[in-house]
Amino acid sequence: MRRRNLLATLGGLGVVGSGVAVFRRRDDDAVSPVRIETLDAPGSDAGHRRVPEPGAVTVLEFFATWCSTCATYMETLGTVHDAVDAEFVSVTNEPVGVSVERSDVVDWWRTHDGAWTVGLDSELELTTSLDASAVPYTVVFDAANEVVYADAGVLDEETLIEVIETA
């Protein structure tokens, strides 16, 4: 009986440990920058840019125009954007041209006071490489393009600033 309990406990620790290992693996590996399309919107110019920004701390946030939590999170992101020295990029992985148009993304951005680069992850390269399976999804890269934080949901201003400043 004691052996069965020991094995069950070790098995449970293995599951928890493997979750940590997956997160740490990302921390140890630099992410190759991905070229995204950027939109002409407040704080953003139409064109393309690479994410993450090599040599700079980069905050990447995935959002969707239908996501009410994403809309609420914009206030926190705006405050933090103004308080730290980091590159901010927000991208939508919505099927632009199918269920939403570029102009819808720009209108949403303007309505929610976006003031940094906004773009499209049309090919889902960033979404896939970072396992961004929910929105909002925030990723913070250090200057070596290593992931120091990645998770779905929202962070409060203080926690997000702390993550960025320690990157």
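Colleague: Where is P136?

Modeller: P136 is in the loop between α4 (125–129) and β6 (137–141). Helices (H or I, at least four residues) and strands (E, at least two) are DSSP runs, numbered from the N terminus.

Colleague: Cis or trans, the peptide bond from V135 to P136?

Modeller: Cis, with omega near -10°. The bond from V51 to P52 is also cis, with omega near 0°, and P52 sits in the loop between β2 (47–51) and β3 (58–63). Most peptide bonds are trans, and most residues other than glycine have a negative phi.

Colleague: Back up a bit. What kind of model is this?

Modeller: This is a predicted model, where local features need pLDDT of at least 70, side-chain atom pairs count only at pLDDT 80 or more, and totals for chains, interfaces and linings use all residues. Residues are numbered from 1 along each chain as its sequence is written, and side-chain values use heavy atoms, with hydrogens and water left out.

Colleague: What is the mean pLDDT of the chain?

Modeller: 86, and 83% of the residues reach 70 or more; pLDDT is the predictor's confidence in each residue, from 0 to 100.

Colleague: Where does pLDDT stay under 50?

Modeller: Over residues 1–27. Where pLDDT is low, the predicted coordinates should not be read in detail.

Colleague: New topic. How many salt bridges?

Modeller: Four, taking a side-chain nitrogen of Lys or Arg within 4 Å of a carboxyl oxygen of Asp or Glu. R102 forms one with E37, with the closest N and O atoms 2.9 Å apart. R102 is in helix α3 (residues 102–111) and E37 in strand β1 (residues 34–38), so the pair ties together parts 65 residues apart in sequence.

Colleague: Which residues of α2 meet α5?

Modeller: Y73, T76, L77, T79, V80 and A83 in α2 meet E157, L160, I161 and I164 in α5, contact being heavy atoms within 4.5 Å.
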